[in-house]
Amino acid sequence: MTGAEPSPTPDPAIYLNFNEEGGMTALDASGHYNPGIIMGAERTRSGMCWGALLFNGTGEYVSIPYTERNHPRQNITVSTWFYVDSYNPQTLVSSYQNGGYWLGFGDGNDLWWTITTERSGAVSVPVLHEGIALRQWHHVTGTYDGTSAKIYLDGSLRNRANASGPLHYEYQNSVLLGADAGEGETPDTACPRFLKGGLDDVRIYDTALTYSEVMEDRFRCSAEPGKIPRVVENETFALPSCLSSSGSLVLAEGQSAKRTLLFSDIAENGTWSVSVPPGSVLVVKARDLYSSSYPDAWYVEIADGNQRVDRSIAFPGTNNAPVDGVIPSGNAMVTIRYYDGKYRFPASVEVTFECRAAPPHPVQVIPKNILANTGIVIYSASWATLIAVLVVVVWLHRRKVARKAAMEKEDPCNTPEETGKKED
């Protein structure tokens with residue numbers, strides 16, 4: 001009696017193998033007709049499975065238009081062959097824009113799989129970069145089955161994290177290869193994190209592959225890996241400029257701005273010069289981007305010149321400890337630095353700057369006993385003035401009592417009414 005035949009691996013919802021002879025369209029070999037538009041990436045016959053795309057890290061990407069298949073709600077699997085020239089922050093596959101999924105290099109120079117669910121929020125799981133050889137083809141798979149997010153490297157399960165709920169997408173945006181997704185068909189305008197490397201055999205499933213199916217997916221390609229183009233001598237791999245720790249902003253009342261800051265070590269200080277209308281309120285919030293795996297705390301301080309306005313620690317998993325205060329001069333200096341955590345650098349934090357209207361002047365309540373003395377005019381509501389007024393009232397009262405006592409002593413037969421007449 002023979003055992004049951006293993007079930008076939010599910011068909012992908014999208015499959016781009018880049019085996020076309022040329023052109024700017026990557027055909028969908030899954031048969032579901034969800035092709036990708038190639039924006040500048042170079043074709044090569046030196047992929048892991050014959051045809052592949054090379055990305056130069058300076059603006060090249062592939063845009064796959066939105067469909068319900070590439071934005072599945074319940075389960076998902078994303079897999080691809082890739083190589084990179086450095087471990088710098090960069091994107092392999094992304095629909096991520098305030099929701100969705102993302103596969104790429106981030107904190108700690110590690111490889112991350114991130115999903116967003118309606119119950120768990122953003123959940124990220126890493127593969128340490130020490131096990132990833134530069135300029136060598138590797139196979140990575142990220143899955144979500146409704147209970148956990150998992151990441152596999154070269155067919156082996158490397159990490160997992162609990163998660164639950166349907167996948168959450170903020171926008172019906174395109175899935176991008178080689179760049180971080182924006183709200184529409186193009187990369188994120190604030191920080192696209194372009195890929196410097198190569199991609200081959202990109203598959204997206206609307207189901208979560210099992211371990212055996214991930215292995216089957218990885219070994220579908222039996223070809224020998226192609227030869228990766230040679231690195232240009234003395235070539236450097238610079239960090240994306242949008243991931244700097246310091247900068248400047250100009251905000252009008254009611255405006256806000258969001259920045260992702262990257263810190264190379266614990267000694268690095270991020271300093272942001274923020275200009276707002278004089279007397280308005282500046283609010284700064286910090287959110288640790290990889291708190292599910294690398295929970296880090298961040299120090300945040302606002303100053304106006306040499307005067308500290310507010311400071312706090314943004315701990316992961318809390319209300320992000322917003323700091324705020326009135327900026328009389330309109331020129332605020334915001335300091336942000338790594339405070340405590342896993343010490344896995346580079347480490348990143350998302351910071352939101354918001355300008356609010358100046359608060360109304362408080363109304364001072366004046367005691368009734370002072371208002372009863374109509375001969376007193378109050379020119380100021382400051383504490384110093386109020387104290388001075390009280391001193392005068394007490395002095396006048398004591399003087400009146402002393403005069404009455406003196407008059408009674410001189411003529412004890414006078415009644416209080418007569419005394420009052422004499423005083424008048």
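Contact here means heavy atoms within 4.5 Å. Keep that in mind as you work through these exercises on a predicted model.

**Exercise 1. Find where Gln136 sits, and say which residues Gln136 touches, not counting residues up to four places away in sequence.**

Step 1: Start with the location. Gln136 is in the loop that runs between strand E11 (121-127) and strand E12.

Step 2: Check how open the spot is. Gln136 has a relative accessible area of 42% and is partly exposed.

Step 3: List the partners. With residues up to four places away left out, Gln136 touches Phe82, Tyr83 and Ile228.

Step 4: Compare sequence with space. Gln136 and Gly197 are 61 residues apart along the chain, and their C-alpha atoms are 9.8 Å apart.

**Exercise 2. Name the buried residues of helix H1 (residues 211-218) and find what covers them.**

Step 1: Pick them out. Glu213, Val214, Asp217 and Arg218 are the buried ones in H1.

Step 2: See how they are arranged. They cover an arc of only 140° around the axis, so they lie on the same side of H1.

Step 3: Find the cover. It includes strands E7 (76-84), E12 (138-144), E13 and E16 (196-205).

**Exercise 3. Find how many disulfides the structure holds, and describe how they are paired.**

Step 1: A disulfide is a covalent bond between the sulfur atoms of two cysteines.

Step 2: Count. There are two disulfides in the structure.

Step 3: Take Cys49 and Cys221. A disulfide joins them, S to S 2.0 Å. The torsion about their S-S bond is about -140°, so this disulfide is left-handed. Cys49 lies in the loop between strands E4 (42-47) and E5 (50-56), and Cys221 in the loop between H1 and strand E17 (247-250), so the pair ties together parts that are 172 residues apart in sequence. Cys49 counts as buried because its relative accessibility is 10%, and Cys221 counts as buried at 10% too.

Step 4: Take Cys191 and Cys242. Their sulfur atoms are 2.0 Å apart and form a disulfide. Here the torsion is about 55°, so the disulfide is right-handed. This pair links distant parts of the chain, 51 residues apart: Cys191 is in the loop between strand E15 (175-177) and E16, while Cys242 is in the loop between H1 and E17. Cys191 is buried at 9% relative accessibility, whereas Cys242, at 23%, is partly exposed.

Step 5: Write the pattern. With the bonded cysteines numbered in sequence order, the pairing is 1-3, 2-4.

**Exercise 4. Say how many residues the largest nonpolar core has, and which have the most contacts inside it.**

Step 1: Size it up. The largest nonpolar core has 42 residues, and Phe82, Tyr101, Leu111 and Trp113 have the most contacts inside it.

Step 2: Trace its sources. E7 gives the largest share of this core, four residues.

Step 3: Look for another. A second, separate core has 27 residues, including Leu251, Ala321, Ile327 and Ile336.

Key. Residues are numbered from 1 along each chain as its sequence is written. This is a predicted model: local features need pLDDT of at least 70, side-chain atom pairs count only at pLDDT 80 or more; totals for chains, interfaces and linings use all residues. Side-chain values use heavy atoms; hydrogens and water are left out. Buried means under 20% relative accessible area, exposed over 50%, partly exposed in between (1.4 Å probe, protein chains only). Helices (H or I, at least four residues) and strands (E, at least two) are DSSP runs, numbered from the N terminus. The arc is that of the directions from the helix axis to the C-beta atoms. A disulfide is a pair of cysteine sulfur atoms within 2.5 Å. A nonpolar core is a set of buried Ala, Val, Leu, Ile, Met, Phe, Trp, Tyr and Cys residues joined through side-chain atoms within 4.5 Å.
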